[in-house]
Amino acid sequence: MAKVVVIGIPGETDLWLADLTAGTVTALPKPLTGELATAEALRSAGGAVIKGVDFAVAVSSEAQVFAGHYDG
């Protein structure tokens with residue numbers, strides 16, 4: 001099972017590395033290389049890259065999550 005997730009959201013140019021074991025989120029340094037750079041280029045062109053994740057929802061606030069809501 002994955003313990004690290006790379007996250008990017010619309011309007012944010014950076015990609016973020018979430019380490020689920022450590023409980024940390026940090027910006028990935030640029031320049032990216034290899035397949036990650038290729039995937040980021042697709043994202044920059046408007047594409048979405050999803051691999052190894054079975055649930056992801058962007059929400060406007062932490063309060064929305066704890067209230068059981070997400071923006072539809």
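Predicted model: local features only at pLDDT ≥ 70, side-chain atom pairs only at ≥ 80, totals over all residues.
## A first look at the fold

Trp16 stands opposite Ala27 in strand E3. Trp16 belongs to strand E2, which covers residues 16-19 and pairs with E3 in the antiparallel sense over four bridges.

Now let us step back to the sheet around this pair. Three strands form an open sheet in the order E1-E2-E3, and their pairing is antiparallel. Strands E1 and E3 are the edge strands, each pairing on one side only. On average, neighbouring strands of this sheet are turned by 20° against each other, direction ignored.

| Element | Residues |
|---|---|
| Strand E1 | 4-7 |
| Strand E2 | 16-19 |
| Strand E3 | 24-27 |
| Helix H1 | 34-44 |

How do these pieces follow one another? Along the sequence, the chain reads β-β-β-α-α, which comes to two helices and three strands.

Helix H1 holds both Arg43 and Glu40, three residues apart, or about one turn of the helix. These two residues form a salt bridge, with their closest N and O atoms 3.7 Å apart. A search of the whole structure finds one salt bridge. Is Glu40 buried or exposed? Glu40 is buried, because its relative accessible area of 15% is under the 20% cut-off.

Finally, consider the chain as a whole. Of its 72 residues, 6% count as buried. The chain exposes about 5900 Å², and carbon and sulfur atoms supply 60% of that area. Its C-alpha trace spans about 40 × 30 × 20 Å along the principal axes.

Key:
Residues numbered from 1 in each chain as written. Heavy atoms only, no water. Pairing = 2+ DSSP bridges. Axes fitted to C-alpha atoms, helices over the stretch in contact; angles between N-to-C directions. Salt bridge = Lys/Arg side-chain N within 4 Å of Asp/Glu carboxyl O. Buried < 20%, exposed > 50% of the residue type's maximum accessible area, 1.4 Å probe, protein only. Areas by Shrake-Rupley, 256 points an atom, 1.4 Å probe, with all protein chains shown as cover.
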